[in-house]
Amino acid sequence: MAQGQKIGIVGAGLSGAVIARELAEAGYEVEVFDTRPHIGGNCHTERDAETGVMVHIYGPHIFHTDDAEVWDYVNGYQTFLPYKNRVKTTSQGQVYSLPVNLHTINQFFGKTFRPEEARAFIEEQADKTITDPQTFEEQALRFVGRDLYEAFFKGYTEKQWGCSPTDLPASILKRLPVRFNYDDNYFFHKFQGMPENGYTDMIEKIFDHPKIKVTLGQHFDPRAPHDYAHLFYSGPLDGYFAYEFGRLGYRTLDFERFTYQGDYQGCAVMNYGDASVPYTRITEHKHFSPWESHEGSVCYREFSRACGEDDIPYYPIRLVEEKAQLADYVARANEEKAVTFVGRLATYRYLDMDVTIREALDTARLFLAKSKEEAAMPAFVHAPL
Ligand SMILES: Cc1cc2nc3c(=O)[nH]c(=O)nc-3n(C[C@H](O)[C@H](O)[C@H](O)COP(=O)(O)OP(=O)(O)OC[C@H]3O[C@@H](n4cnc5c(N)ncnc54)[C@H](O)[C@@H]3O)c2cc1C
């Protein structure tokens, strides 16, 4: 495929932006479309008109990675300021530190354990009658025992996934979800930070290239005739095929916005572990920009529910039923010519931002290599299954 030919990109989120930039720099004319009136996809950030606070419109986004190239990439478009994600949870009438760590254990059980004592104590709590855990609940009981499970995992999981932890596979809880020290940094990654002027500003700079044209507020029908030499599609996989095999299951989120004068909760994210509280967490956005100062505050109460036809798909469910359906869609996609499915929706996977960027870079590079060899580009560079 010759440079100078036009490339179409469906979706102006991170996947679309990174691919657009790589191809534009290699000499291609790139046209990008998004149904939404803004770029940035689900990472979109915007200043709240009332308070001036930078808001993560589709839920809290913290950048964290071990991938040095991706870290350099994002820092090329935005200054990332230090940020550690420290989450709290309100559960059974108290506030605890998450992920469950030595502080949480000592506070919850009214103890002053040192690390090895806590480890031995939690081992005693664990349900050793469960030898081959099949469900999320069995796995949690086997790791941490009933008390910690009910306080920190059960209610939250029920609300987040809309089903009983007895219906979720054990694989969701792969490792022991407890730390035996006072480290309350949510992520283990080497690089963490927040973009000084928000993710949308960063993505705008990625798009800022004379060979990239972005059209917003325009739904692109990828099955309709077009004159692009190749299409990169970051919309929903099932949507591409007009839901031929039914809709892939997603959870959606509702955000109930409220404002407050001062500091509402003293931290960015407060989870609510009790099943009796209908929301999963409250996000207070100004704490994501600790270098800024705002009198007013804007908060989101977050509710999770099954995704309907007109809702925004957030989290892929990927249980047994969805995986079978997914296999049908993947087979159909592999029959398509001159289209590559990228990003979280088109590959029906939960992808952190760093993984999204890594995959987009790999996809663009593979495309350039294949073009040079005049070889066909695959439908998936990163397989959904
Ligand atoms: C609640 C939540 C919290 C998250 N928190 C974090 C976090 O803390 N850290 C982290 O690293 N990652 C986080 N993520 C993941 C992050 O949001 C994704 O990595 C990222 O959004 C993926 O980018 P994308 O471009 O693949 O998809 P998207 O951002 O979804 O972009 C796809 C775009 O395509 C557009 N589109 C779809 N179909 C069409 C069509 N037919 N025509 C035109 N446009 C179309 C959509 O409007 C959308 O803008 C979180 C995700 C969620 C859901």
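Start by selecting residues 151-350, where UniProt, in an unreviewed entry, places the feature "domain: UDP-galactopyranose mutase C-terminal". UniProt positions follow the numbering used here, feature names are shortened, and annotations may be inferred rather than shown by experiment. Residues are numbered from 1 along each chain as its sequence is written. The model is predicted: local features need pLDDT of at least 70 and side-chain atom pairs count only at pLDDT 80 or more, while totals for chains, interfaces and linings use all residues.

Over residues 151-350 the chain is 22% helix and 25% strand, with its end C-alpha atoms 26 Å apart. Helices (H or I, at least four residues) and strands (E, at least two) are DSSP runs, numbered from the N terminus.

Next, select helix H1 (residues 14-25) and helix H6 (residues 199-207), whose axes come within 8 Å and cross at roughly 30°. Axes are lines fitted to C-alpha atoms, for helices over the stretch in contact, and angles run from 0 to 180 degrees between N-to-C directions. That angle makes H1 roughly parallel to H6 (angles under 35 degrees count as roughly parallel). Their crossing is left-handed (the near helix is turned anticlockwise from the far one by less than a right angle; clockwise would be right-handed). On H1, show Leu-14, Ala-17, Val-18, Ala-20 and Arg-21; on H6, show Ile-203, Ile-206 and Phe-207, which complete the contact (C-beta atoms, placed from the backbone, within 7 Å). This contact has seven nonpolar, no polar and one charged residues. Ala, Val, Leu, Ile, Met, Phe, Trp, Tyr, Cys and Pro count as nonpolar, Asp, Glu, Lys and Arg as charged, and the others, Gly among them, as polar.

Among the residues in contact are Ser-15 and Glu-22 of H1 and Met-353 and Thr-356 of H10. By class, nine are nonpolar, three polar and one charged.

Now select the ligand. Of the 32 residues around the ligand, Gly-11, Gly-13, Gly-41, Gly-235 and Gly-343 come nearest (near: C-beta atom, placed from the backbone, within 6 Å). H1, strand S2 (29-34), helix H9 (343-346) and helix H10 (353-373) each give two or more residues to this shell. The shell divides into 13 nonpolar, 14 polar and five charged residues.

Finish with two loops. Pro-99 is in the loop between strand S8 (94-97) and helix H3 (102-109), and the peptide bond from Leu-98 to Pro-99 is cis, with omega near -15°. Gln-92 is in the loop between strand S7 (88-91) and S8, and its phi is near 45°, a positive value in a residue other than glycine.

Key: Angles under 35 degrees count as roughly parallel, over 145 as roughly antiparallel, 65 to 115 as roughly perpendicular and the rest as oblique. Two residues are in contact if their C-beta atoms, placed from the backbone, lie within 7 Å.
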